[in-house]
Structure formats: structure tokens, C-alpha cells
Amino acid sequence: MRHIDLARPVLDAILMMKAFRSVAVKDNDAAPNLHSFVSAQPTSTSTTLCSASNTAPAIPMWAQHEISITAPSRGCHLITSEVNKAIQKDISGMKIGMANLFIQHTSASLTINENADPDVRRDMEVAMNKICPGEWTKDGTFHHTMEGEDDMPGHVKSSLMGVSLNIPIRNGRLALGTWQGIYLNEHRDQGGWGGGHTRRIIITLQGQS
């Protein structure tokens, strides 16, 4: 019969129990157990931005404005100052938030691009006319032609450029980059049904102090 030495396994078991005891037992002689060992492990690594229990929750702030801007001509026009003027009173109290600009038209659009060199705005208009030329109204490409040569191309450009913008609010102002400006892009020569180029823009602010 083969002799089996139990001394080593017993010694290993004793050492393991001592290891459990050193983790789970704190300042007492209670017997170690696996449940105490497991519960001693960290359960979360998340952090919070507001650790003080007596800090009052920030109150959400909302504001909405409507501005009307008449573009002097077809093309891209910088309107950052007009937007800032309309919202300055409400946005000044917001530490963090978001501003949404929405233009209520189908042949004009909004975008953000360089605010310094006016040639950028000129070149943007040239590029859009290359992408969707007015000739497509004459050569049969477009069927929606009843409002003029510039109408259907205006609809296409409006969808390409977009009718809304989201801009972060930081420390009471729009968090635009140094060289970023808000553009109103007028895509028609004479406006809908022969009218002018007055465009309505809804500005909605959401934030907290």
C-alpha cells in the first residue's frame, strides 16, 4: 500500500485560512469566512462631481428667443453678433449648457465656419453652386421649378448645410472657437414667391448656473 503524507496539504490549508483571516477580520478574533473576504473587496470605482452631501442641486434654466435677419443678398452671411445680442441676458447666468439654433425655412441654412476672411464665405457660395447648379432646373434634372431657377437648388443646399446648430455654453457664453462664426446661408436670389430674404431663427438655451 502506498503511504500518503497529509502533512503538506494540512499545512497549506492552515496558511490559506490565515490569509483569509488577515483580510476579513478587523480588530477582533472572529472566525474567518469566505463571505467576509468577498464583501471586503471594492464594489465601485465611480466618482462624483458633487461629493458634498449638503450641496444644493443645480436648477435647470431654459430660455428661448426668435430673431429675424434679412440677408442683403444670396450667399453666406456672418450673424454671430446678432445671435449674441439676442441671448446675452439669459446666457450670462449659465455656467454650462447647450444652445440650439433652428432656422424655419427650406431654402436657407445655418452652419459654422471661419469668421475672419470674407473670402471664405464667398468661396462657400461658389462651392455650393458647383455642387448643385441652377442649370439643373432648366435641363430637366429637377421637376419642382414653379418658384424659379434658384428654388429647388435652394432646397437641396438647405438640406446639405442643415437647418440647426448645437453650440455648447461655457461660463456664460457660446463656446465657439477663436476663428468660428455662425453663418446664415441664403440660397435664393429673391426669396420665396418674390419676397425678401427675411429669415426667422429660433434660439433655445438650456443650462445651469
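Reader: How many bridges join β2 to strand β7?

Author: A word of care comes before the count, since the model is a predicted one. Strand β7 covers residues 180–186, and it runs antiparallel to β2. Within this pairing, C76 stands opposite N185 in β7. The number of bridges that join β2 to β7 is 4.

Reader: Which helix packs on the sheet that holds β2, β4 and β7?

Author: The sheet in question is open and has 3 strands in the order β2-β7-β4, with antiparallel pairing. Its edge strands are β2 (75–78) and β4 (108–114), each of which pairs on one side only, and the twist averages 35° from one strand to the next. The helix touches β2, β4 and β7, and its direction makes about 150° with that of β2. Spanning residues 118–131, this is helix α4.

Reader: In what order do the strands of the open sheet of 5 strands run?

Author: Strand β3 (residues 96–103) pairs with β8 in the antiparallel sense over 8 bridges, and in β8 the bridge partner of L101 is I203. Helix α3 (residues 80–91) packs on this sheet, where it touches β1, β3, β5, β6 and β8. The pairing in the sheet is antiparallel, and the strand order is β1-β8-β3-β5-β6.

Reader: Is T204 buried or exposed?

Author: T204 is found in strand β8, which covers residues 198–208. Leaving aside neighbours within four places in sequence, T204 is in contact with W62, A63, Q64, M98, A99 and N100, and a polar contact of 2.8 Å joins its side chain to that of Q64. Its relative accessible area is 19%, and because the cut-off for a buried residue is under 20%, T204 counts as buried.

Reader: What kind of aromatic pair do W136 and F142 form?

Author: The count of aromatic pairs comes to 1. In the pair of W136 and F142, the rings lie 5.8 Å apart, centre to centre, with 75° between the planes. Because an angle over 60 degrees is the cut-off for this class, the pair of W136 and F142 is edge-to-face.

Reader: Why does F142 count as buried, and how does W136 count?

Author: For F142, the relative accessibility is 14%, so with a cut-off of under 20% it counts as buried. For W136, the relative accessibility is 31%, which lies between the cut-offs of 20% and 50%, and therefore W136 counts as partly exposed.

Reader: How far apart in space are N171 and I96, C-alpha to C-alpha?

Author: N171 lies in the loop between β5 (164–170) and β6 (173–174). Leaving aside neighbours within four places in sequence, N171 is in contact with M94 and K95. In sequence, N171 and I96 are 75 residues apart, while in space their C-alpha atoms are separated by 6.3 Å.

Reader: What share of the contacts in the protein with a separation of 6 or more comes from residues 24 or more positions apart?

Author: The protein has 5 helices and 8 strands, and from the N terminus on these elements run α-α-β-β-α-β-β-α-α-β-β-β-β. Of its 209 residues, 31% count as buried. Among the contacts with a separation of 6 or more, the share from residues 24 or more positions apart is 79%.

Methods: Residues numbered from 1 in each chain as written. Predicted model: local features only at pLDDT ≥ 70, side-chain atom pairs only at ≥ 80, totals over all residues. Heavy atoms only, no water. Helix = DSSP H or I, 4+ residues; strand = E, 2+ residues; numbered from the N terminus. Buried < 20%, exposed > 50% of the residue type's maximum accessible area, 1.4 Å probe, protein only. Polar contact = N/O pair within 3.5 Å; in protein donor to acceptor, adjacent residues only side chain to side chain. Contact = heavy atoms within 4.5 Å. Phe/Tyr/Trp six-rings, centres within 6.5 Å; stacked < 30°, edge-to-face > 60°. Pairing = 2+ DSSP bridges. Axes fitted to C-alpha atoms, helices over the stretch in contact; angles between N-to-C directions.
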